[in-house]
Each structure stands twice: as structure tokens, then as C-alpha cells.
Amino acid sequence: MPTLNQLKPGQTGIVSALRGDGAIHQRLQEMGIIEGASLEVIRMAPLGDPMEILVQGYHLSLRKSEAALVELA
Amino acid sequence: MPTTIAVIGNPNVGKTTLFNALTGLSQVTGNYPGVTVERKVGTLRINGTTAHLVDLPGTYSLAARSPDEMIVVDVLLSQQAGEDPIDAVLAVVDATNLDRNLYLVSQLKELGKPLVVALNMCDLADKRQIKIDTDVLSRELGAPVVRICANKRIGIDALNAALAAATHGAPTVHVNGPEFPEALTREVDALEARLNHGDHGLGRHVQRLEVFRLLVDRGGYVEARLSQADKDIAGSLDESRARAGAGASLAAIEARSRYAWIRQIVAAGVRKPTTRVTTVSDKLDAVITHPLLGTFIFALIMTIVFQAIFSWAGPLMDLVDAAFGAIGESVSAMLPEGMLQSLVVDGIIAGVGNVIIFLPQIMVLMFFIAILEDCGYMARAAFLMDKLLSRCGLSGQSFIPMLSSFACAIPGVMATRPIGNRRDRITTILVAPLMSCSARLPVYTLMITAFIPDTKVIGGWLNLQGLVLTGMYSVGIAVAIPVAWTLKRTILKGETPPFLLELPTYKLPQWGTVLRKVLRQGKEFIVRAGTIIFAVIVVVWALSYFPHSDEITAMFEAERAKVAASGMSEEEQSIAISEIDAEESGAHLRNSYFGRMGLAIEPLVRPLGWDWRIGMATIASFPAREVVIATLGTIFYLGSDVDETSDSLKTVLHESTRADGSKLFNIPVALSIMVFFALCCQCGATLAVIRRETQSNAWPVFAFGYMTALAYVAALFTYQFTTWLGWGVVT
């Protein structure tokens, strides 16, 4: 199952599930990363982490460790 | 009781601009007790009566995970101590980003209070061809929706009218909010009934919204608070959750249900272009967050800010200094010589001047921070720097405060406000004072020019004095990394906060908002830090003045009389008298409580290579590091009127000896003093500002304690090691 952290800039994906629980799990979903949401990776920070994605029509920055919780279809 | 309206919205939606537009100059700011959340209330005339507007901090959701986040929920539920019950809620949403903004609105629907939605940034939405039918949106949301453009003050009157209607009993159309699975609703019902009928020890009504959060937010703040009051709840929660979610995560069920509701509303009332439009913001970001260009721009901006703090603030600081000097002189002339004059001039005027002198730096830095924040760059800076700071357990948001602290830790500590996570914020506050601020520079300059030889090293490429100065600036950074790392793994340990940061659309800064911020923070600095530092100064002055022995005064009076009686020329006499004056103040100081303390602590500072005089100068510099220069001057018989480039102070320091006749100062002693001042927290104003920003007495005490311990150990090591290297003999 591919996860968000494996995508390269310009690639898109659709969220199929979220791993883990607790605060990060909840925050990701509140910010719109929910099952069925489509994502696009815009770019990586100069040091390779964090990444910038486009979700629900806005730009969000998250670390790769958090992106690894997002499973894609 | 006046009508009270809560203003709430996601971060970066222009909530502050709207709040300013609605309330004008009537704002009052303060802090909620026990938390780091700022409380801002303004007044507004609606329907001929006065209403209070409470500005809540920007948030994406009501799922609180900390006391700070809980403030929003408590205010909305009208259970926040010191806040009037809420009559209506004004939700500010970003028209260009409705989907995510409506998430919070969907939670607000469940409050059951009159709700008004302000649709901000409509001009930008028009430009992006996002067509919003406010009538449809109002109907679907069951709340009036008003198109506004807060920065151009468009739609403010219509919003005012909508608020008037909402708070004066306009019939609200009942529209259901999001629909949740039946199992979840059933568990919330059961839990609500149990909490409000049983003997649960809470002693108050628990509202449905709080019950919902208790069930859904596993490990959230509501759970922590309610299960503390009632142990039974804690035991049965997991069973309730399993029943409510049928094994699935409740957080996921909540988010899915809410976004499903939002999708339905947006489908009915919003038309977006089918192809993605590349916005100006996107084009800017391609450059600003570009790996190479972005890093370069970042460095450029930081250099400009850093330079401005020094060069723009410099003349203003000189002006403040001169003004306080002039005030001191004219007051001196007015008051008779003696205790009162000494307290007012040396204690209060000089002391308050020492604090106010940082005001220009603070205002300049806050000006830049406000602009960078307002235009959306701050989030990009955090994005660029996050990787570096995440290695020591912090996030990119800590970068600006740390950088600011090189100018002065006070604005640095104040710049931690945007850091949402409390642990991250406190860690940043605790390490920020380790950065070498401008007040350390005078100490470095004096020690380096007096004791570090002006020679070229490494094949003539570098100057040793410059190298030592660079070293001193590096010490703070080198120590801050392991300190932050340790703090985040010990006393400030907790779940690693997610670094979920919205990169908002760039916009032009609102000058009104920027100026308001700068002025407010300047005022806060003067009032609050000023009052505490004022008290500290008076205490230090008293300790170094009393007991003002009449015998000593009489003794020097006799010497002055001798000079007057001698046949010296007027010029020679005035030189002799000023020498006697300086000797007199030195004698008084040695005899003061501070002087006695110095002798008492001498065994403690001897391993650092210091004698009682240096130890005492260090203690006296508790209110501010640079005070040490004036104190050293006083102690070494020069009077308190020396500055760091004074040749005579350098000469006197060079020539001063220990009891056994050996030279007091050498390279190891100078290095040990510098290292101590690089790491210690001898700054009353910083401690005062830490106390204010953390709303606690424990953190400033901790900061002072750990930094002093660190400074002592590092100075001890520096002295012993460099002496062992034999640097002590090469003077």
C-alpha cells in the first residue's frame, strides 16, 4: 500500500485510509486528509522534509513521518 | 449584562482585521489565567446598545488537546471564568477555502447559539472565479452568511445588521448539522444523560458539545479534565467508544461525517472553476520556497531584519540613552546629594533607562515579525527551517524567536506567541536567552580588547580577537541544541506535536494591523516588564547602597577638605576630587550588603579564577548583563561612569592584583568571565517577560537556575582547561 511520503512533487493520490491514532491521526483528518480526499504533492522543503501538499483546495505542510500515516489507493 | 459575541475562525482568515474593523480602538487585551492565551475584547454598537466582542485564538477544530486550546471551547460553552456568557457566535471563514473552513462551522452548529458567518476575502474568491451563492449557503447552513472584505471594510454594515438581528431574537431557521452514525449519537445521548443525572462529582451541567468531545477525542483535554473529577467515566469510556464506532476510529467517523455535510453544502452553493488556476501566490511560492532561491531569499530577509535591529534601532537607542542621561542630570541638580538622589538617579532613572533602551529594538523586530506574519511568509520560513530544528525536538516555528534573541531575548520570547504547541513554546522560551544578545556585546568587547592579544592566526587570515567574539556567539548556539533536546525528552516530554502548518495565500500586509501590533507590544513591554524590573532595580540599589556608613563619608570628606586646602591648581584639584569621589563610592560599595555578599561568595567563584570583586560585579549585574561594566568600574575605583571602550578601565583591570600580588586578570580569567556571561541569565527583564509569557513563576526560576548552573560549570571548565593549557602566563 503506497503512502503519501512516497509521492514525488507533481504526483497525485487519493486517500484510502489513515494509520495510527491519537492527536496526529485526528489533526490530519480535521485538516481535510480524509478517506477519499485527493492530494497533490507540490514540493519538498530544501532539506527534503517537510513536504507541501494541496488538499481540499489549500496548501498544507507536513513532515514525511506524518505523511507516512496516510495510505493511498 | 451587555450582549457578548464570540469571534472565531481558522488561522489566516483575516479574523484580526475584521475584529479591528468592527471594534476600532476600543480593544482591551490581557491573558486568560494560567494559560498562554491572549484575551482580547472590544466593544461594538449594535442597534443602539453596546455589545462585547471576544476575539478567540484562531483554530481549526474544537477538539482541544491542551488547556490553551480548551479556552476556546470553554468561552463558547460560557463556562470560562471571568468571561460573560456568550449570546452569539460570529464565525469568520475564508471564501477561497470554504471546504476546510466549514469544518469548524459544522462544530459551531452544535453549540445551539445564534450563529453568523462572515464570508471574508470575497474579492480574492471573485478573482479566482469561485462563485458563492450566499442565499443558498445561508439556507443550507441555517445561519446568515454575509459577504465581506475586511481589509477594504466592505460589508461591515451588513455584518453589523446581521449581528443585530441574531442577538435580538431573530427567528433562526432550524437546519440540521452533520449527521453522525446512529451508534455514535446513541452513545453521546447515553453519556450525556449519565453525566447530568448520576452522582458524578462534577457539580455542574455538562453540555452536549463537551460530552461529544469527551467521547470522540481519545486522550484529549476534555477526557483528562472530566475523568479527573469522576473516576467512573475513565473506566467506561473505552467501552462506550468501542460501541459508538463499532471498532472504527471515532475521529475518522467525525471527520468523514462533517466533510460529507460540507461537500453537500458546497455542491449546492459554490461553483469553482474545473481546472486549477495557477494563482499569484503559487507563482511566488515557486520562487520563495525553491530549494536554492528560497534559501537565498530566506537568508537575505533574515540579514535585513538582523541588520535593521542593530542599525535602525541604534540611533533610537542612543536617543533613549541620552534622554535618560539628561533626565538623570537635571534631577541630580534638583535633589540634594544623598540617599534620595542616589535612589532616584542611580536606581530608578538609570535602571528604568536600562530597560527602556531595549524598546527601539523590540519595536523594530516586532514591526518585521508583524509584516512577515501578516503577509504569510512566516509559515514559509518555518517550512524551510523545520528539518534543522526538528533534530533537537523543535519545529520550524521556533526559528524566528531564536534568531530574534540574538538582538534581545525579550522580543525573542515574545515572538514565540504563534507557536501553537505549549511544550514547544516553553522549550523555545527557555533556550532563546542562550543566544548571545546585544547586552552581552559590551562585556565581550571589554574583555576581548583588554586581554585577548590583537594577533593574526591561521596564516594571517583571521584576527584572534574576532575569532574569540565568534566563539562567544557560537557557545550559546552550541549549548542551546543539547539543552532543547534534553528538555524535550525530560520535563517537557510529550506526544510529538504534528507539524501540520497551513501555507496561507500571500497577501499584502495590513499596515493598520501591523502598527497596532507593534504599538501594543511596545506598550505591554513598558508596562509589565517595566514594573517588575523597576522593583528589582530598587532592591539591587538598596543592597548596594546600605549600610551607607557615615564614617566612610566623613573620612573622604576630610580628604576632600585636604585637597581644597592644598595649593593645587583648580584643574589638579578637580582631578584629585573626582578620584576621591570614585574611591569613596568604591569604599561604600565594598561595605554594602552586596560587597559583604561578594566576600561571602568568594570561595564559590575562586575556582573560576575570579576574586570577590568580579563575583560581586556579577551578582550586581542581575538586572542586566551590561551593568557588570559599571559595577567593575565602581569596584576598581573608577566611579560608575565608565563605558566599555574606556581605556582607563582596561588599564586598571590590567594592573589590578590579587592579595598575593599576582595579576588578577589573564586570558583564562577573561575567557571564564565571557563564557559565564554568554550562558547566564543575568537579565531581570528577560525573566520578567518569561514570567508573563508562560504565566508562571516556576519557568523564570527554572530558566535562571539552569542557565546559572550551566554558566558556572562552563566557566569553571574554561578557566581550568585554559590554565592547564598554559594560557595563563601569556599575557
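A:Pro50 sits in the loop between β2 (38-44) and β3 (51-55) of chain A, with helices (H or I, at least four residues) and strands (E, at least two) taken as DSSP runs and numbered from the N terminus. The bond joining A:Asp49 to A:Pro50 is a cis peptide, with omega at about -5 degrees. This is a predicted model, in which local features need pLDDT of at least 70 and side-chain atom pairs count only at pLDDT 80 or more, while totals for chains, interfaces and linings use all residues. Residues are numbered from 1 along each chain as its sequence is written, chains are lettered from A and ligands numbered from 1 in the order in which they are written, and side-chain values use heavy atoms, with hydrogens and water left out.

**Chain B overall**

- Chain B carries 32 helices and 12 strands.
- Taken along the principal axes, its C-alpha atoms fill a box of roughly 100 × 60 × 60 Å.
- Of its 731 residues, 54% count as buried, where buried means under 20% relative accessible area, exposed means over 50% and partly exposed is in between (1.4 Å probe, protein chains only).
- Take the contacts (heavy atoms within 4.5 Å) in chain B with a separation of 6 or more: 74% of them come from residues 24 or more positions apart.

- In chain B, helix α1 (residues 15-23) is largely enclosed by the rest of the structure, because eight of its nine residues are buried.
- The buried residues of α1(B) are B:Lys15, B:Thr17, B:Leu18, B:Phe19, B:Asn20, B:Ala21, B:Leu22 and B:Thr23.
- Among the buried residues of α1(A) are A:His25, A:Gln26, A:Arg27 and A:Glu30.
- α1(A) is followed by A:Gly32, whose phi is positive, near 100 degrees.

**Helix packing in chain B**

- Helices α20 (residues 422-431) and α32 (residues 698-724) of chain B pack at about 45 degrees, with their axes 10 Å apart; axes are lines fitted to C-alpha atoms, for helices over the stretch in contact, and angles run from 0 to 180 degrees between N-to-C directions.
- That makes α20(B) oblique to α32(B), since angles under 35 degrees count as roughly parallel, over 145 as roughly antiparallel, 65 to 115 as roughly perpendicular and the rest as oblique.
- On the α20(B) side, B:Arg422, B:Ile426, B:Leu430 and B:Val431 meet B:Trp699, B:Phe702, B:Ala703 and B:Tyr706 in α32(B).
- By class, that contact has seven nonpolar, no polar and one charged residues, with Ala, Val, Leu, Ile, Met, Phe, Trp, Tyr, Cys and Pro counted as nonpolar, Asp, Glu, Lys and Arg as charged, and the others, Gly among them, as polar.
- Elsewhere in chain B, the axes of α2 (residues 67-76) and α9 (residues 221-229) come within 10 Å and cross at roughly 85 degrees.
- α2(B) and α9(B) are therefore roughly perpendicular to each other.
- B:Pro67, B:Met70 and B:Asp74 of α2(B) make the contact with B:Tyr221, B:Val222 and B:Arg225 of α9(B).
- That contact of α2(B) with α9(B) has four nonpolar, no polar and two charged residues.

**Cysteines**

- The structure holds zero disulfides over all chains, a disulfide being a pair of cysteine sulfur atoms within 2.5 Å.
- For B:Cys149, the closest cysteine sulfur is in B:Cys122 at 7.2 Å, too far for a bond.
- B:Cys149 counts as buried, at 5% relative accessibility.
- For B:Cys375, the closest cysteine sulfur is 18 Å away in B:Cys149, again too far for a bond.
- B:Cys375 is buried too, with a relative accessible area of 15%.

- B:Phe556 belongs to helix α24 (residues 550-565) and is buried, at 5% relative accessible area.
- Leaving aside neighbours within four places in sequence, B:Phe556 is in contact with B:Ile580, B:Glu583, B:Glu584 and B:Ala587.
- B:Asn12, in the loop between β1 (3-9) and α1 of chain B, has a positive phi near 65 degrees despite being a residue other than glycine.
- B:Gln129 is not a glycine either, yet its phi is positive at about 60 degrees; its loop runs between α4 (122-127) and β7 (131-132) of chain B.
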